[in-house]
Amino acid sequence: MKNTLLVILLLVNLGLAGYILTSQSQASNQPTHPSTGAPAPQAFKFTSVPIPSSVSFAGEKVPLQDPEVRERLEQELVQTAYRHSRTIMNYKRAGRWFPQIVPILKKNNIPEDFKYIAVVESNLLNLISRVGATGFWQFMRATGKQYKLEVNKEVDERYHRLKATKAACRYLNDAHGIFGNWALVAASYNRGMGGIRSNVNRQKVASYYDLFLNAETAKYVIRAVAVKLIFENPQSYGFNIPAQQRYQPIDYRKVTVTESIPDLVDFAIKQGISYKILKVHNPWLRSKTLTIKKTGASYTILIPKDAKPNEPFRQEDIPKIRL
């Protein structure tokens, strides 16, 4: 009996020693912080992204059987999926703007997929590029005027998302009259009609996917396809954004202006809102005044329903600043 107890104690000790040695071995293999020596947090796990067996843009198939095209699409999918903050915000903004621009696209016989071109162009924001392309659809000043947008010191309709969408439709229909397929039309929105036409003629091919192009245009349409795939099936690419978290279209009342406004601050106050609210929701107003230059002309200003300043205005609240 005594011998049996000794054997049991010996086995227990050996097991405990083995556990300690194993734990120390595992700890020694675990990455540590370079300065403190403490165990480093477990690394993130990154994976590749799924590519559907069939992909289309504007009703035209993307030739995934071409290895170069497939790799380009995978690269854009990976980059778009792993730019988490940008993609999340674009997806949320789409909830507000897609319901407003899609009817305009359809009315002008533009495929709905061109809403993703707006995402690629501006992240659905009124941006100014380093070369001066401006607004939701990134029109240059001369091109904006060519497609019936008013552009001057007081009014710049490149910032008017809906009017700019109508102008983009005019451009896209003109381009389709030249190229006859939508992928080339989309590419021309980046490279210009002349640039795409010269490349098609010189390289003697009729497909965007067969053209050898500058780096930006080569990935431009493919990037729109990647945005489409993620937006149409976000959970497959790791995005779990409840519908209620997407931004919704804003309910406006419309104020028609037929006379010049010498001070937009006073106009905003008369409308029961702040100057900030006026400018945020009417970004095409580029000055402090609005001048009616032609007889019978008018502008429509949008006022968010139920919007009002955060604080009531009192003259005595203005800070007394000494110069």
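## A buried lysine and its partner

Lys-228 counts as buried, at 8% relative accessibility. This comes from a predicted model, so keep that in mind as we look around. Asp-113 is also a buried residue, with a relative accessible area of 11%.

These two residues form a salt bridge, and their closest N and O atoms are 2.9 Å apart. The pair ties together distant parts of the chain: Asp-113 sits in the loop between α3 (84-107) and α4 (115-122), while Lys-228 belongs to helix α9 (residues 215-232), 115 residues away.

Within it, the side chains of Lys-106 and Glu-112 meet at 3.8 Å, N to O. Lys-106 is exposed, with a relative accessible area of 52%, whereas Glu-112 is partly exposed at 32%.

## Inside helix α2

Another salt bridge links Glu-68 and Arg-72, with 2.8 Å between the closest N and O atoms. Both residues lie in helix α2 (residues 67-82), four residues apart, which is about one turn of the helix. Glu-68 is partly exposed, with a relative accessible area of 42%, but Arg-72 is buried at 14%.

For the whole structure, the search finds eight salt bridges.

## An enclosed strand

Now to the strands. Five of the six residues of β6 (residues 299-304) are buried, so this strand is largely enclosed by the rest of the structure. Its pairing with strand β5 (residues 252-257) is antiparallel and runs over six bridges.

Methods. Residues numbered from 1 in each chain as written. Predicted model: local features only at pLDDT ≥ 70, side-chain atom pairs only at ≥ 80, totals over all residues. Heavy atoms only, no water. Buried < 20%, exposed > 50% of the residue type's maximum accessible area, 1.4 Å probe, protein only. Helix = DSSP H or I, 4+ residues; strand = E, 2+ residues; numbered from the N terminus. Pairing = 2+ DSSP bridges. Salt bridge = Lys/Arg side-chain N within 4 Å of Asp/Glu carboxyl O.
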